[in-house]
Amino acid sequence: MWRGMIVFAGLLGAAGAAHADSRFFCSADDKEARFTLESGFESGAGHKLNHFRGALVVKDPAQSTVFGKRVFESQHLTNHWSRDGDLLMEVFDGGEDDTGGATLDLVVVAGERGKPAANFSGTYSLTIEGGEKPYAVEGKVSCGTK
């Protein structure tokens, strides 16, 4: 009897772990930019955002005066998607007085539908508009789950 209860309790614990909240992290460091993003979503319907933070360094000297170093919080994550191995995060920084009207858009697309993995890769695109000259770059990103 006790053995059956212990096995049942173990199964319930495993089922709870299978429905745990999702936490993702992504990073890149290349000649264009260095960034890290960390995000968490509830496992329930709607996958509500429960955590987001990030930091970015733009390495181009012409852009670094405005967006050289930025820190992101939840209000900057304007779009997100995580389903069955796919991950999409869009970070938008509408700038403030310190950017002179320039905006930054960072999009990360990673993973492969139908192939969830603890570690996966993808691409990022970084666009800065409204500055002295337009800026658009792409690169590779590494992501994982916690």
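The legends below describe close-up views of one predicted model.

The model is predicted, so local features are given only where pLDDT is at least 70 and side-chain atom pairs count only at pLDDT 80 or more, whereas totals for chains, interfaces and linings use all residues. Residues are numbered from 1 along each chain as its sequence is written, and side-chain values use heavy atoms, with hydrogens and water left out.

**View 1**
The chain contains two helices and nine strands, where helices (H or I, at least four residues) and strands (E, at least two) are DSSP runs numbered from the N terminus. Along the sequence these elements follow the pattern α-β-β-β-α-β-β-β-β-β-β. Of the 146 residues, 34% count as buried; buried means under 20% relative accessible area, exposed means over 50%, and partly exposed lies in between (1.4 Å probe, protein chains only). The chain exposes about 8,800 Å², of which carbon and sulfur atoms supply 55%, with areas taken from the Shrake-Rupley method with a 1.4 Å probe and, for residues, only the protein chains shown counted as cover. Among contacts with a separation of 6 or more, 45% come from residues 24 or more positions apart, a contact being heavy atoms within 4.5 Å.

**View 1. The disulfide between Cys26 and Cys143.**
One disulfide is counted in the model, the criterion being a pair of cysteine sulfur atoms within 2.5 Å. The sulfur atoms of Cys26 and Cys143 are 2.1 Å apart, and the torsion about their S-S bond is about 110 degrees, so the disulfide is right-handed. Because Cys26 lies in strand 1 (residues 22–29) and Cys143 in strand 9 (residues 135–145), the pair ties together parts that are 117 residues apart in sequence. Cys26 counts as buried at 1% relative accessibility, and Cys143 also counts as buried, at 3%.

**View 3**
Two strands are taken to pair if DSSP finds at least two bridges between them. Strand 1 and strand 2 (residues 33–41) form a hairpin with three residues between them, and the two pair in the antiparallel sense over eight bridges, with Ala28 standing opposite Phe35. Strand 2 is also joined to strand 3 (residues 49–58) by nine bridges, again running antiparallel, and here Phe35 stands opposite Leu56. Seven of the nine residues of strand 2 are buried, so that this strand is mostly covered. Strand 3 pairs in turn with strand 4 in the antiparallel sense over four bridges, Val71 of strand 4 being the bridge partner of Ala55.

**View 2. The nonpolar core around Phe35 and Leu126.**
A nonpolar core is a set of buried Ala, Val, Leu, Ile, Met, Phe, Trp, Tyr and Cys residues joined through side-chain atoms within 4.5 Å. The largest such core has 29 residues, and those with the most contacts inside it are Phe35, Leu37, Leu104, Tyr124 and Leu126. At least two residues of this core come from each of strand 1, strand 2, strand 3, strand 6 (86–93), strand 7 (103–111), strand 8 (119–129) and strand 9. Leaving aside residues up to four places away in sequence, Leu126 touches Ala33, Leu56, Val58, Leu104, Asp105, Leu106, Tyr135, Ala136 and Val137.

**View 3. Salt bridges.**
Six salt bridges are present in the structure, each defined as a side-chain nitrogen of Lys or Arg within 4 Å of a carboxyl oxygen of Asp or Glu. Glu38 forms one with Arg53, the closest N and O atoms being 3.4 Å apart; because Glu38 lies in strand 2 and Arg53 in strand 3, the pair ties together parts that are 15 residues apart in sequence. Glu38 counts as buried at 12% relative accessibility, whereas Arg53 counts as partly exposed at 47%. Asp93 and Arg70 meet in another salt bridge at 2.8 Å, N to O, and since Asp93 lies in strand 6 and Arg70 in strand 4, this pair ties together parts that are 23 residues apart in sequence. Both ends are covered, with Asp93 buried at 3% relative accessibility and Arg70 buried at 10%.
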